[in-house]
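Trainee: I'm new to this structure and would like to get to know it. Could we go through it together with some questions?

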Amino acid sequence: MSKVSQAQRLRDLLEDAIIKGRYPPGARLDPEALEREYDCSRTPVREAIQQLAMSGMVKVVPKRGTFVTQLSVAELVERFEVMAELEGMCARLAARRIGAEELEALREAHEACRRMAEAGDANGYYYENSIFHQRIYEASHNAFLAQEATRLHAVLQPYRRMQLHLRHRPERSLAEHEAVLDAIAAGDEQRAQTELVSHVQIQGERFNDLVASVQQLQQTGND
């Protein structure tokens, strides 16, 4: 097994910190502070930032610095449209290809989401929700599709996380998960795709919720 480079390790740590909200959208990443915090030299910091920029998680602005990507409402809607189609394709293929052990893992992920929703733990639900979606990506048995879905999922995580803090959203999300799970377990490809596309799409009241989430994240980034 090849050794993970320091730059890759740092990239993974920074990506995780961004996803968990430690660096909110719009926050500036100070290379010197990162060097001190992660006890590394300038080269791996520079390489890690370059990798994050390629993935779309940060934006490098000449003469100003590196900032966690802050998307406008229009940009977010566009990305959620693509995310919905990617995830819908994953669900359709999973309904056709999922194995018995993978289906059991998906059920376990769903039950973990249920426990967090019943406990009223939005942050806990956020983490278990990511695992549920990842199980579907993997069950598609299309490595390229799973990789692209995972990449865009990571970019959108801060916004999805904020939405889960809205009142009753975890409970509604859980019900939508159950419909997706039932369709995949039944091998109903079209229904699985339709249910997951509907789960991810931003429209109606959820569009208004997204606008509110973006405004809240912008305020956090400006604090």
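Predicted model: local features only at pLDDT ≥ 70, side-chain atom pairs only at ≥ 80, totals over all residues.

Trainee: Let's begin with the overall layout. In what order do the elements of the protein chain run from the N terminus on?

Mentor: The protein chain has 10 helices and three strands. Reading from the N terminus on, you can follow them in the order α-β-α-α-β-β-α-α-α-α-α-α-α.

Trainee: What share of the contacts with a separation of 6 or more joins residues 24 or more positions apart?

Mentor: Here a contact means heavy atoms within 4.5 Å. Taking the contacts in the protein chain with a separation of 6 or more, the share from residues 24 or more positions apart is 74%.

Trainee: How is the pair formed by the rings of Y126 and Y127 classed: stacked, tilted or edge-to-face?

Mentor: A pair of aromatic rings is described by the distance of the centres and the angle of the planes. The centres of the Y126 and Y127 rings are 4.8 Å apart, and their planes are at 65°. Planes over 60 degrees apart count as edge-to-face, so the Y126 and Y127 pair is edge-to-face.

Trainee: Is Y126 buried or exposed?

Mentor: Buried means under 20% relative accessible area. Y126 has a relative accessible area of 1%, so Y126 is buried.

Trainee: On to the backbone. Where does D39 lie?

Mentor: Most residues other than glycine have a negative phi. D39 is not a glycine, yet its phi is positive, at about 50°. D39 is also exposed, with a relative accessible area of 67%. As for its place in the chain, D39 lies in the loop between α2 and α3.

Trainee: And in which loop is H141 found?

Mentor: H141 has a positive phi too, of about 55°, although it is not a glycine. With a relative accessible area of 47%, H141 is partly exposed. You will find H141 in the loop between α6 and α7.

Trainee: Let's finish with the pockets. Which element gives the most to the lining of the largest pocket?

Mentor: The largest pocket holds about 380 Å³ of space, and 21 residues line it, with I19, Q134, T150, H153 and A154 nearest its centre. The elements giving two or more residues to this lining are α1, α6 and α7. With eight residues, the one that gives the most is α7.

Trainee: Which element gives the most to the lining of the second largest pocket?

Mentor: The second largest pocket has a volume of about 170 Å³, and its lining includes R28, E35, R42 and T66. By class, this lining has four nonpolar, three polar and four charged residues. The element that gives the most to it, with five residues, is α3.

Key
Residues numbered from 1 in each chain as written. Heavy atoms only, no water. 1 Å grid on protein atoms, 1.4 Å probe; cavity = no way out; pocket = protein on both sides within 12 Å on 5 of 7 lines; lining within 4 Å. Points joined across faces, edges and corners; volume = space filled by probe spheres on them. Helix = DSSP H or I, 4+ residues; strand = E, 2+ residues; numbered from the N terminus. Nonpolar A, V, L, I, M, F, W, Y, C, P; charged D, E, K, R; others polar. Phe/Tyr/Trp six-rings, centres within 6.5 Å; stacked < 30°, edge-to-face > 60°. Buried < 20%, exposed > 50% of the residue type's maximum accessible area, 1.4 Å probe, protein only.
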